[in-house]
Amino acid sequence: MLQSTSLHVAIIMDGNGRWAARRGLPRAAGHRAGADAVRRVVEAAPGQGVAALTLFAFSADNWKRPPTEVAALMRLFARHLRTETARLVANGVRLEVVGRRDRLPAPLVAAIQAAELATAGGTALRFRLAVDYSARAAIPAGQLLPDVDLLIRTGGEQRLSDFLLWECAYAELYFTELMWPDFAAADLADALRAFHARQRRFGGLPEAAAG
Ligand code: IPE
Ligand code: IPE
Ligand code: MG
């Protein structure tokens, strides 16, 4: 099997709230468990041929949620960045946060800047976290990322929810019923196996038919 080593995988991390509800837990507990899944996937990605990983953590439309949930998410993002930075550095992960910063709480902006600076030398994985991100806002502003090879969405919904609309022009789409907190290294491997079994044509002809 031909295995590219420079894949860009993007993930819409959905299902934290339902994961928590099924356990009789508050939604915030689902988001905390979701942060553990982020660590697992970031650490598994380089070993699975992923060079760039872009995770959708908070959409521009997620401001519509109750202020208590939004505030809990912002605190969780800041705490996660602070506590994970040393691991990211140790693993050679370069972190970059994409999206608007002007609406984020100051402590989160500070945590983002510190984590980006500390991890700037990482070469094992380009890890982008999308926070207050909207593809419809990013495209006319020219804030474009590399083309996505594989787009994964957990949580059972089959839609893009304003994530990387331009970059996913020829992305392979992979939807799973797994809730994000349940997503593990083996599930990333399953998605990549499915990806490698597909034939990408980019509008051309299959290799066997091309002359
Ligand atoms: C994804 O999980 C995380 C964010 C959008 C912040 P959700 O919070 O959307 O979880 P569900 O879809 O309600 O289960
Ligand atoms: C998409 O999930 C945004 C993130 C995962 C950050 P949502 O839960 O907000 O999406 P919809 O509302 O189901 O489309
Ligand atoms: Mg959701």
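This briefing walks through the sheet, the helices and a few single residues of the structure above. The model is predicted, so local features need pLDDT of at least 70, side-chain atom pairs count only at pLDDT 80 or more, and totals for chains, interfaces and linings use all residues. Residues are numbered from 1 along each chain as its sequence is written, chains are lettered from A and ligands numbered from 1 in the order in which they are written, and side-chain values use heavy atoms, with hydrogens and water left out. Helices (H or I, at least four residues) and strands (E, at least two) are DSSP runs, numbered from the N terminus.

**The sheet**

- Let's start with the strands: six of them make an open sheet, in the order E3-E4-E2-E1-E5-E6, and the pairing is parallel. Two strands pair if DSSP finds at least two bridges between them.
- At the edges sit strand E3 (93-98) and E6, each pairing on one side only.
- Going from one strand to the next, the twist averages 20 degrees.
- Strands of a sheet pair through backbone hydrogen bonds, either parallel or antiparallel.
- E1 is joined to strand E2 (residues 50-59) by six bridges, and the two run parallel.
- Strand E5 (residues 150-153) pairs with E6 over four bridges, also in the parallel sense. Here Leu151 stands opposite Leu173 in E6.

- Buried means under 20% relative accessible area, exposed means over 50%, and partly exposed is in between (1.4 Å probe, protein chains only).

**Helices packing together**

- Two packed helices are described by the angle between their axes and the distance between the axes. Axes are lines fitted to C-alpha atoms, for helices over the stretch in contact, and angles run from 0 to 180 degrees between N-to-C directions.
- Helix H2 (residues 27-44) packs on helix H3 (residues 67-90) at an angle of about 30 degrees, their axes being 10 Å apart. That is why H2 and H3 count as roughly parallel to each other (angles under 35 degrees; over 145 is roughly antiparallel, 65 to 115 roughly perpendicular and the rest oblique).
- The crossing of H2 past H3 is right-handed. By class, the contact of H2 with H3 has six nonpolar, two polar and eight charged residues. Ala, Val, Leu, Ile, Met, Phe, Trp, Tyr, Cys and Pro count as nonpolar, Asp, Glu, Lys and Arg as charged, and the others, Gly among them, as polar.
- Next up, H3 and helix H4 (residues 106-119) pack at about 15 degrees, with axes 9 Å apart. So H3 is roughly parallel to H4.
- H3 passes H4 in a left-handed crossing. A crossing is left-handed if the near helix is turned anticlockwise from the far one by less than a right angle, and right-handed if clockwise.
- Residues of H3 that meet H4 include Met74, Phe77 and Leu81, and those on the H4 side include Leu108, Ala111 and Ile112. The contact of H3 with H4 has 12 nonpolar, two polar and one charged residues.
- H2 also lies across E1, E2, E3 and strand E4 (125-133), running at about 165 degrees to E2.

**Residues to look up**

- Ala10 is in strand E1 (residues 7-12), and its 0% relative accessibility is why Ala10 counts as buried. Thr54 is the bridge partner of Ala10 in E2.
- Leaving out residues up to four places away in sequence, Ala10 touches Thr54, Val148, Leu150, Leu151, Ile152, Phe163 and Leu164; contact means heavy atoms within 4.5 Å.
- Pro181 lies in the loop between E6 and H6, and counts as buried because its relative accessibility is 7%. Pro181 and Gly15 are 166 residues apart along the chain, yet their C-alpha atoms are separated by 7.5 Å.
- Pro66 belongs to the loop between E2 and H3; it counts as partly exposed because its relative accessibility is 45%.

**Positive phi**

- Most residues other than glycine have a negative phi.
- Asp132, in strand E4, has a positive phi near 50 degrees.
- Phe202, in the segment after helix H6 (185-196), has a positive phi of about 50 degrees.
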